[in-house]
Amino acid sequence: MSQPFFELHDFKGGIHPAENKHQSTELPVARAPMPSRLVLPLNQHIGAPARVLVQEGDKVLKGQLIASAEGFVSAALHAPTSGTISRIAEHALPHSSGMSGMCIEITPDGSDTWCEHQGLADYRDHAPADLLALIKNAGIAGLGGAGFPSHVKLASSHNKPIDTLILNGAECEPYITADDMLMRERAAEVIEGALILLHILNPERCLIGIEDNKPEAIVALKHALQASTKDAHKIQVIGIPTKYPSGGEKQLIQILTGKEVPSGGIPADIGVVCQNVGTAAAIHNAISKGEPLISRIVTLTGKACAQPRNYEVLIGTPVNELMQHGGIDAGLMQRLIMGGPMMGFTLTDLSVPVVKTTNCLLAPTKKELPVAPAAQACIRCGMCTEACPAQLLPQQLYWFSRAEEFDKAEAHNLFDCIECGACAYVCPSNIPLVQYYRYAKGEIRIEKADKVKSERAKQRFEARTARLDREQAEKDARRAARAEAAAKAQAEKAAAAPQPDGAAPANTASAASPAPVADLEALQKKLDAAKLGVEKSKEKLAAAIAEGSDKAELLQGAVDKAMERMKALATEIAQAKKAAKAAPAAENAAEKSDPNSPERIKNKLELAQSRLQTAQERLSAAKAESSDLIPALQTAVEKQQAKVDELQQALQASLAGDTAAPAAPENPPATGDAFAQQTEQLQQKVLAAQSRVDKAQERLSMAIEQGSDVLDALRMGLDKQQQKLSEAQAALAQHLAAEKA
Amino acid sequence: MALLNISSPHTSRPGDTGGVMRQVLYALLPGIVLLTWFFGPGHLIQIGIAAITALACEALVMVLRKRPVLFYLKDYSALLTAVLLALALPPLCPWWVTVIASAFAIIFAKHLYGGMGYNPFNPAMVGFALVLISFPVAMTTSWTGPAELLNAKLTFSQSLHFIFSARDGIDAVTMATPLDVYKHQAAMQTSDEIFKQPIFGSTIAIGWEWISLAYALGGIYLLWRRIFTWHIPLSVLTALSICSVIFGWDADTHVPLSLHLFTGATMLGAFFIATDPVTASTTPLGKIIYGAGIGILIYVIRTYGAYPDAIAFAVLLMNFAAAFIDQYTQPRTYGHNKAKRGLPKGGK
Ligand code: SF4
Ligand code: SF4
């Protein structure tokens with residue numbers, strides 16, 4: 001193959017397993033028939049699950065958005081065909097753990113009617129940000145490996161200069177030919193996708209790396225490149241030596257650029273963005289045709305498959321239906337692997353759907369991929385070290401993982417292991433090395449998550465307690481001041497009858513306004529800090545892209561939480577600002593309006609009612625999660641119910657009092673009695689609110705101890721209750737002040 | 001249909017640990033043939049004794065440890081230990097010496113440390129060192145002379161006789177080894193004079209040079225089969241050569257380089273004993289340091305020690321250091337600027 005000189009860099013290690021690719025490349029890609037149902041997991045990718053936009057029974061059209069991207073790292077979901085939403089429920093997922101998750105199920109109507117869609121006439125007329133949004137809305141996630149949402153990968157490289165875009169067409173896993181066939185048959189789409197990516201990222205060059213065992217694909221892409229009418233001089237198609245795992249992102253980058261992605265970093269750190277060729281084609285379809293990602297090419301192969309070949313499969317097609325169509329003999333096959341023999345995982349439930357990352361269904365016979373014989377002792381032969389592309393010491397990692405010396409395993413860079421399986425492949429003792437590494441990584445992650453969780457809970461709790469103490473002290477001081485003022489006023493009143501009022505209200509007004517201002521500043525500071533935190537978390541998240549999915553998920557959670565916190569702070573600020581403005585006015589108003597007027601009670605009632613509702617909601621949420629907090633929440637709901645009832649009675653009484661009041665206006669003792677009554681009522685309210693706050697606090701600390709998920713909800717609840725309490729206190733104080741006046 | 005749930009990878013290179021050990025045994029064959037050719041059938045008998053003892057001990061331990069006996073015998077590691085030990089022993093050493101050495105190697109040096117893969121010391125060399133220290137006379141008076149220097153060819157039955165029963169008359173067929181001879185006479189004679197002795201033949205030392213070459217050939221075969229890497233053998237030989245050239249350049253007082261390399265167990269040690277993976281260093285750089293250490297120690301012990309050959313002690317001493325060397329020679333992992341050194345402090 002003639003190829004202008006391009007300096008390739010080798011990566012250390014690597015292996016040459018039997019390729020077994022020719023079986024499935026004899027026939028062109030065929031369209032798989034419409035399945036009887038489509039199952040679309042909400043989470044087909046690293047990151048947050050998509051948010052459902054449809055309901056059971058809804059009619060949907062092909063390409064219609066049925067779940068939208070939620071959060072920073074998330075991908076949208078579209079109906080792969082027209083039909084009816086038959087179910088939104090848990091369904092088994094294609095995952096190595098055999099777990100299940102929320103899925104939208106569609107019963108196709110057979111007409112396969114497209115919704116209205118339209119591509120851009122020329123992407124070059126659009127800004128990168130707009131194109132990114134289109135890619136996000138088209139639900140495009142990496143079709144190669146972990147299925148990372150593409151727009152995130154492209155966007156996270158935004159603030160870093162990118163000099164090289166790499167399209168990964170290496171496809172080094174044995175058996176799989178999905179990318180190979182895609183490049184052969186749809187080379188133009190791949191090139192178009194590359195051009196769009198070039199427009200978005202504006203790097204110096206785009207390298208398409210393909211293992212040299214795919215000469216047809218290389219030729220096809222070169223032809224497409226020459227045929228392209230656009231400015232494609234930046235694109236270079238490069239054949240690379242066949243060696244597993246050359247298709248690993250880090251390895252391919254090393255081969256093509258000679259640079260290494262820093263440990264814990266992302267390719268963008270060294271000016272590289274890497275995308276799968278299939279992803280590039282999907283991006284082209286999304287931008288130029290307006291078609292979201294609803295199907296992909298899947299290789300069906302293995303000796304238990306009558307005719308190995310590639311199929312264009314709708315996302316969501318159940319594996320068993322595809323197997324049937326593809327002629328996989330369930331009797332012959334001894335396991336079914338999703339993915340390739342090196343990194344794929346076995347399926348135990350064949351009803352799981354094909355998802356965006358499914359590139360292969362491998363149905364080997366017993367003889368074809370025999371189960372490894374029993375592991376023998378490690379003889380420290382070092383063959384694993386020779387094979388490791390990450391330059392690790394697999395046998396040391398093995399000894400440490402086995403002995404559960406996780407700190408040592410980590411110190412030996414366990415987390416740089418890409419789980420490629422090269423070490424286990426060469427190990428003469430047939431030790432399932434990768435299994436040990438997964439186990440160790442899992443244990444370390446759990447350990448770390450626990451540590452972070454308890455550390456964070458501790459910090460929160462301490463900060464909270466400190467703040468509460470401070471606030472309590474302030475409140476006590478204020479209350480004491482008010483009581484004193486009230487007492488003084490009372491005494492004055494007793495001494496001299498009517499006197500022009502003055503000092504007291506003015507005092508409260510002037511005392512009230514600086515406080516909100518100070519609060520405001522504090523809040524603003526908090527908001528700034530939160531913003532910074534979000535930025536940092538986002539960066540960290542981006543860094544985690546290249547790493548394990550678990551970490552990314554954790555960080556995703558952190559980012560979402562931080563953003564929530566930011567929002568909450570922003571609203572708090574707005575409220576505080578309003579309060580600051582309203583404070584003097586409210587003081588004045590308080591002088592005039594009777595704090596126990598029907599309106600006020602009504603307001604309170606409404607508040608209490610809404611509180612009741614929140615409490616109820618929280619309770620049912622807790623029930624759904626079968627949380628430990630159910631009893632506590634139940635009592636809370638009952639309390640609120642009692643409160644509402646009480647207030648309703650009060651309202652009625654007040655309304656009755658209103659009508660009764662004019663009847664005896666000339667009876668001062670009566671008003672005095674009424675006043676005393678009202679005071680008592682208000683005092684009781686304050687006490688009730690206080691006890692509610694205490695309860696909420698208790699619940700919160702309980703939740704903190706248990707590391708509960710409803711922590712944030714509870715904290716918000718506590719804040720509300722506290723607000724309530726201060727309101728009630730203020731009302732009481734005003735009431736007293738008004739009486740004095 | 002039972003769906004198997006297995007984690008990746010789902011395929012592995014054909015072959016197993018037994019296969020690796022078998023390859024090593026095959027690679028030893030040329031050396032064994034030449035040993036027998038030049039020094040009589042003694043080694044064959046020693047191999048037999050050692051193998052039977054080692055396998056019996058291995059089986060016994062497996063029964064005691066309630067492990068499947070055949071599964072472990074099939075890894076050929078006990079057999080390999082036995083053969084290496086037998087090749088290191090003098091051909092006519094009494095049978096009980098071989099039995100003690102093999103039994104000690106398998107039971108103590110291997111299984112008391114946890115068995116295959118866990119033993120820090122090379123079992124064959126532990127067995128060898130034990131008998132060398134315990135029975136110095138038997139060990140130093142049992143090397144046969146090269147067949148062509150003996151009046152009558154040593155037959156199989158004669159060898160059996162010497163090994164298993166009476167040792168009278170053994171003096172007629174045994175001789176000091178070239179290394180021994182040179183070391184003891186270097187003080188009194190010049191190099192030329194020493195080399196005139198018949199045991200040194202016309203090139204280096206009768207038989208030894210060919211046997212050493214055969215071992216080296218076997219080692220190169222294993223390199224080609226990627227059973228082990230070049231690091232250890234090359235660094236052993238290089239270090240030994242450098243020491244010999246720098247410190248022992250004067251052949252009138254020191255054993256010359258040719259004898260260092262091509263007599264004694266140097267080649268056997270460099271290619272088959274130092275490379276025993278279980279007890280060697282495993283990192284690329286570590287292997288070089290480990291091998292160089294062995295080479296230097298061989299020279300030091302041969303020159304200043306009481307023993308003419310030194311492979312066993314050199315290897316055992318470096319076995320001590322292997323784990324430590326590994327920790328400080330970790331390769332630089334992909335994506336890291338520097339290699340890590342040592343282990344985390346504290347920890348559990
Ligand atoms: S390849 Fe297997 S036996 Fe060899 S050192 Fe690695 S883990 Fe041990
Ligand atoms: S699975 Fe991990 S340790 Fe094994 S070869 Fe691959 S990167 Fe190295």
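Helix H10 (191-195), helix H11 (208-224), helix H13 (257-262) and H15 of chain B are among what covers the buried residues of H9(B), where contact means heavy atoms within 4.5 Å. Those buried residues of helix H9 (residues 178-185) are B:Pro178, B:Leu179, B:Asp180, B:Val181 and B:Tyr182. Here buried means under 20% relative accessible area, exposed over 50%, and partly exposed in between (1.4 Å probe, protein chains only). Helices (H or I, at least four residues) and strands (E, at least two) are DSSP runs, numbered from the N terminus.

A quick word on the ground rules. This is a predicted model, so local features need pLDDT of at least 70 and side-chain atom pairs count only at pLDDT 80 or more, while totals for chains, interfaces and linings use all residues. Residues are numbered from 1 along each chain, chains are lettered from A in the order written, and side-chain values use heavy atoms, leaving out hydrogens and water.

Now for where the two chains meet. The area buried between chain B and chain A is about 4800 Å², with carbon and sulfur atoms giving 55% of that; buried area is the accessible area (1.4 Å probe) that two parts lose on being put together, summed over both.

| Side of the contact | Residues |
|---|---|
| Chain A | 66 residues |
| Chain B | 46 residues |

There is one salt bridge between the chains, meaning a side-chain nitrogen of Lys or Arg within 4 Å of a carboxyl oxygen of Asp or Glu. A:Glu260 and B:Arg332 form it, and their closest N and O atoms are 2.8 Å apart. H1(B) gives the largest share, four residues. Sorted by class, that side of chain B has 19 nonpolar, 18 polar and nine charged residues; Ala, Val, Leu, Ile, Met, Phe, Trp, Tyr, Cys and Pro count as nonpolar, Asp, Glu, Lys and Arg as charged, and the others, Gly among them, as polar.

Over to chain A, which has 20 helices and 17 strands. Of its 741 residues, 51% count as buried. Among its contacts between residues at least 6 apart in sequence, 76% join residues at least 24 apart.

A:Leu132 is buried, with a relative accessible area of 10%. Its C-alpha atom is 9.8 Å from that of A:Ile283, which sits 151 residues away along the chain.
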